[in-house]
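Hi everyone, thanks for coming.

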There are 2 protein chains.
Amino acid sequence: MFQNTLVEVELNNLLPASGAAPEKVHQAIRWSMFAGGKRFRPALLLATGEAFGAPVTALIKTACAFEMIHTYSLIHDDLPSMDDDDLRRGRPTCHVRFGEATAILAGDALQTLAFRTIAEDEQLDLATRVALISELARASGTPEGMVAGQALDMEAEARQVNARELEDIHRHKTGALIVAAARSGAIIGKATEAELDAVTTYGWHLGLLFQITDDLLDITASAEDLGKTPGKDAQSRKATYPGLYGIEETREAAANAHRAGCDALDRIDRSTTVLREIVDFILNRTG
Amino acid sequence: MFQNTLVEVELNNLLPASGAAPEKVHQAIRWSMFAGGKRFRPALLLATGEAFGAPVTALIKTACAFEMIHTYSLIHDDLPSMDDDDLRRGRPTCHVRFGEATAILAGDALQTLAFRTIAEDEQLDLATRVALISELARASGTPEGMVAGQALDMEAEARQVNARELEDIHRHKTGALIVAAARSGAIIGKATEAELDAVTTYGWHLGLLFQITDDLLDITASAEDLGKTPGKDAQSRKATYPGLYGIEETREAAANAHRAGCDALDRIDRSTTVLREIVDFILNRTG
């Protein structure tokens, strides 16, 4: 659904060659970047930007920057001292393949490259670049973003969390970056404040839906569909929606998030067909 | 020499409060940031910027951003899978005090905050912000910057390196960020291309001098002066200047770097007194 040749080509252009020193770090970056990822965040950014009339040339590099941040976070989250995952998308994780030190450095370098990519994107005016860097930084750091979410998630592993805490974890850990991807497309497309507000609401519900369906898949899907061991969340006592609400109520929550996301799109007087397809796809996804 | 109350106050303002969630990550960030660091890079940036007539209000946030990048790199470099250091500046390192996962996240969040700080600095025009972010990213990532240097350094531990390789390691690992700090002050001060060129040359020699004297101190200084175990580099078979050239020739190389740094300053028709004091101080430093 989300794979896009343009994104693959541009990522390949932006990443240092695997033969460039330090080779091992660059090989590790490429190992994790070209591992069959869904490219959900780039697709969302492209779809939102195109809804607001931005040309793909103005969107593509920022889309890649979001994928770099996402991939760096996967590399670091998989580390032994974090989630300790050996397998991702059916292949050894970065630290298993290249060693822990190289995996840490690969993640660090990918984060840096994300910000550099936006700063140096000559398709964008200066005000837009600065706004996008701020947006991406807030969504990926602390106290508002992804790193905060990972910290909250790890802290929660040791105990039972309530509904409010679970939502708080996911809003930070996955929601913030998904919202920022949608908003960034709209920012590049020079959306109005009211439109940006609708996109933000859409993004939050889409992010929530993404997490809910991720939790559901962890219970219901086969290892082949997932490329990782299903049931791992339950084993590691990760807080999940089905764990807290049961499967039926979780499916209802998914339907509600889907509806709320579509309602937000109704407030945008543009062609939002692809954004609707994305929220439909996430509701019904099997992997 | 380099401590500056303004930098401490501004860092304190920019970093999330230790009581803000996720508390442990923010406490870890502050533990490493307020650990008695020399603030060499901020001091260099302020001195260069002031030489070119920039007001301190326009320099201070970028100076703090450089210290954030430097501190994130120390946190990650100290990790067990990297240099495995338990002590820094006489105190337990971040991962010893807060655990490995929190240390990784603290470093990640600090890197993000550095770029955000520059992007949101309203004292700077948009073109300057974008130029500074590009400058900082190139100096801290791969293939040109600090992360590449750490990777090269680790790769070199297993074998004997030659003079060219040693210089290559240090140009990336410490040189690039020192050069970028000096250049960033000059960029904010709207230096001409010729001036920026002289600042760059000054920065490279200062960075080389910094590394040479660091290596010398590791051999000659007491633990009390260093706040870490002296001789650790030799034990871990890290490549060093004295290891490669002997102490006398290394002292000569330091004097040469000092002289070349001063020569570069002669090409700048501004008051560069403080920049001269910095290179003098690094030549003669005892800690």
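Let's start with a helix pair: α4(A) crosses α7(A) in a right-handed way. Keep in mind as we go that this is a predicted model. So how are α4(A) and α7(A) set against each other, parallel or antiparallel? Helix α4, residues 56–77 of chain A, packs on α7(A) at an angle of about 20°, and their axes are 11 Å apart. Angles under 35 degrees count as roughly parallel, so α4(A) is roughly parallel to α7(A).

Which residues do the touching here? From α4(A) we have Thr62(A), Ala65(A), Phe66(A) and Ile69(A), and they meet Leu132(A), Leu136(A) and Ser140(A) of α7(A). Sorted by class, that contact has five nonpolar residues, two polar ones and no charged ones.

Now hop over to chain B for another pair. Helix α10 (residues 193–220) and helix α14 (residues 247–266) of chain B have axes that come within 8 Å and cross at roughly 155°. Anything over 145 degrees is called roughly antiparallel, and α10(B) and α14(B) are therefore roughly antiparallel to each other. Their crossing is left-handed. The class count for α10(B) with α14(B) is 15 nonpolar, six polar and one charged.

Okay, how do the two chains come together? In this model, 43 residues of chain A are in contact with 43 residues of chain B. On chain A's side, the elements giving two or more residues are α2 (23–33), α6 (100–119), α7 (126–140) and α8 (146–156). The largest share, twelve residues, comes from α6(A). By class, chain A's side splits into 25 nonpolar, ten polar and eight charged residues.

And the symmetry? A rotation of 180° with 0.0 Å of shift along its axis puts chain A on chain B, with an RMSD of 0.0 Å. The two copies are thus related as by a two-fold rotation axis. In chain A, the C-alpha nearest that axis belongs to Leu126(A), at 2.9 Å. Also, 100% of chain A's interface residues are interface residues in chain B too, so the copies meet through the same surface.

Most residues other than glycine have a negative phi, and most peptide bonds are trans. But Ala21(A) and Pro22(A) are joined by a cis peptide bond, with omega about -5°, and Pro22(A) sits in the loop between α1 (5–14) and α2 of chain A.

As for phi, Arg89(A) has a positive value of about 50° without being a glycine. You'll find Arg89(A) in the loop between β1 (87–88) and β2 (91–92) of chain A, and with 15 C-beta neighbours inside 10 Å, Arg89(A) counts as partly exposed. Lys190(B) has a positive phi too, near 55°, and is in the loop between α9 (163–188) and α10 of chain B. Is Lys190(B) buried or exposed? With 12 C-beta neighbours inside 10 Å, Lys190(B) counts as exposed.

That's my tour, over to you.

Notes:
Residues are numbered from 1 along each chain as its sequence is written. Chains are lettered from A and ligands numbered from 1 in the order in which they are written. This is a predicted model: local features need pLDDT of at least 70, side-chain atom pairs count only at pLDDT 80 or more; totals for chains, interfaces and linings use all residues. Two residues are in contact if their C-beta atoms, placed from the backbone, lie within 7 Å. Helices (H or I, at least four residues) and strands (E, at least two) are DSSP runs, numbered from the N terminus. Ala, Val, Leu, Ile, Met, Phe, Trp, Tyr, Cys and Pro count as nonpolar, Asp, Glu, Lys and Arg as charged, and the others, Gly among them, as polar. Axes are lines fitted to C-alpha atoms, for helices over the stretch in contact, and angles run from 0 to 180 degrees between N-to-C directions. Angles under 35 degrees count as roughly parallel, over 145 as roughly antiparallel, 65 to 115 as roughly perpendicular and the rest as oblique. A crossing is left-handed if the near helix is turned anticlockwise from the far one by less than a right angle, and right-handed if clockwise. Copies are superposed by least squares on the C-alpha atoms of residues with pLDDT of at least 70 in both. A residue is buried if 20 or more other C-beta atoms lie within 10 Å of its own, exposed if 12 or fewer, and partly exposed in between; C-beta atoms are placed from the backbone.
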